[in-house]
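Here are my notes on the model, as numbered points. Please read them with the structure open.

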Amino acid sequence: MTSLPEESPSLIGEDDREAAVRRLREAYAEGLIAHEVLDGHLHRVLSARTQSELASVVVSLPAEQPGSTATIAAAGGRIKRHGAWRVPRVLKVESAYGRVRLDLSRAVIEHPVVDIELRLGTGGAGITVPRDAVVDVEGLSTGWKDLRYKVPRRSRPGGPTIRISGAMGYGRLKIRHARR
């Protein structure tokens with residue numbers, strides 16, 4: 001009589017690992033964990049091989065809030081948001097052809113850090129951020145044209161951090177701070 005094979009632990013994929021890293025970074029950005037804790041947890045996530053090893057790292061983090069991620073997508077045409085609209089924690093913007101205009105100057109921003117992930121083919125994008133916002137564009141790659149962003153001379157502390165990442169093909173991204 002042969003014995004049944006033991007169930008092998010379920011291995012993790014890169015998507016699982018990236019989601020865990022994102023949750024750790026969000027917890028750190030929101031002040032829920034210290035820098036030393038972030039370093040230790042990141043090491044454990046990056047060296048994890050199974051779901052149980054990964055789960056043991058993120059189990060102490062607060063659960064993700066539903067509705068904290070939104071996607072705006074269009075094959076062509078314009079994507080435009082302005083006025084008093086609610087900005088999610090993570091905003092994904094996808095457009096194959098067309099222009100994107102996001103005005104955050106009068107938007108309701110409830111999170112200290114907002115991630116905007118751009119996936120744009122052709123067509124430009126313009127983002128207006130609040131006067132006191134800090135803008136981080138380190139995660140953005142542009143294909144054809146360069147980014148246009150001028151850091152303001154005087155900035156007031158206490159504003160949200162807007163992290164812009166993703167990839168742009170043939171358009172230009174213009175970022176400006178609101179005047180009022």
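1. In this predicted model, Arg 89 forms a salt bridge with Asp 115, and the closest N and O atoms are 2.9 Å apart. The pair links distant parts of the chain, 26 residues apart: Arg 89 sits in the loop between strand 3 and strand 4 (90–97), and Asp 115 in strand 7. Both Arg 89 and Asp 115 are buried.

2. Glu 110 and Arg 86 form another salt bridge, with 2.1 Å between the closest N and O atoms. Glu 110 belongs to the loop between strand 6 (108–109) and strand 7 (113–122) and Arg 86 to strand 3 (residues 86–87), so this pair ties together parts 24 residues apart in sequence. Arg 86, at 54%, is exposed.

3. Arg 119 forms a salt bridge with Glu 117, the closest N and O atoms being 3.3 Å apart. Arg 119 is partly exposed, at 40% relative accessible area, and Glu 117 is partly exposed as well, at 23%. The count of salt bridges comes to four.

4. Which residues form the positive surface patch? They are Arg 78, Lys 80, Arg 99, Arg 101, Lys 145, Arg 148 and Lys 174. Strand 2 (78–81) and strand 5 (99–103) each supply at least two residues of the patch. Arg 78 is found in strand 2 and is exposed, with a relative accessible area of 61%.

5. Is Pro 160 buried or exposed? Its relative accessible area is 13%, so Pro 160 is buried, the limit being under 20%. Pro 160 is in the loop between strand 10 (148–149) and strand 11 (161–168). Leaving aside residues up to four places away in sequence, Pro 160 touches Ile 109, His 111, Pro 112, Pro 130, Asp 132, Ala 133 and Val 134. The C-alpha atoms of Pro 160 and Val 114 are 7.3 Å apart in space, while the two residues are 46 apart in sequence.

6. For the chain as a whole, the model has three helices and twelve strands. Of the 180 residues, 34% are buried. Among contacts between residues at least 6 apart in sequence, 68% join residues at least 24 apart. The chain exposes about 11500 Å², and carbon and sulfur atoms supply 49% of that area.

Terms used: Residues numbered from 1 in each chain as written. Predicted model: local features only at pLDDT ≥ 70, side-chain atom pairs only at ≥ 80, totals over all residues. Heavy atoms only, no water. Helix = DSSP H or I, 4+ residues; strand = E, 2+ residues; numbered from the N terminus. Buried < 20%, exposed > 50% of the residue type's maximum accessible area, 1.4 Å probe, protein only. Contact = heavy atoms within 4.5 Å. Patch = residues over 30% accessible without salt bridge, like charges linked within 9 Å, V, L, I, M, F, W, Y side chains within 5 Å. Areas by Shrake-Rupley, 256 points an atom, 1.4 Å probe, with all protein chains shown as cover. Salt bridge = Lys/Arg side-chain N within 4 Å of Asp/Glu carboxyl O. Lys, Arg positive; Asp, Glu negative; His and termini not counted. Charge placed at Lys NZ, Arg CZ, Asp CG, Glu CD.
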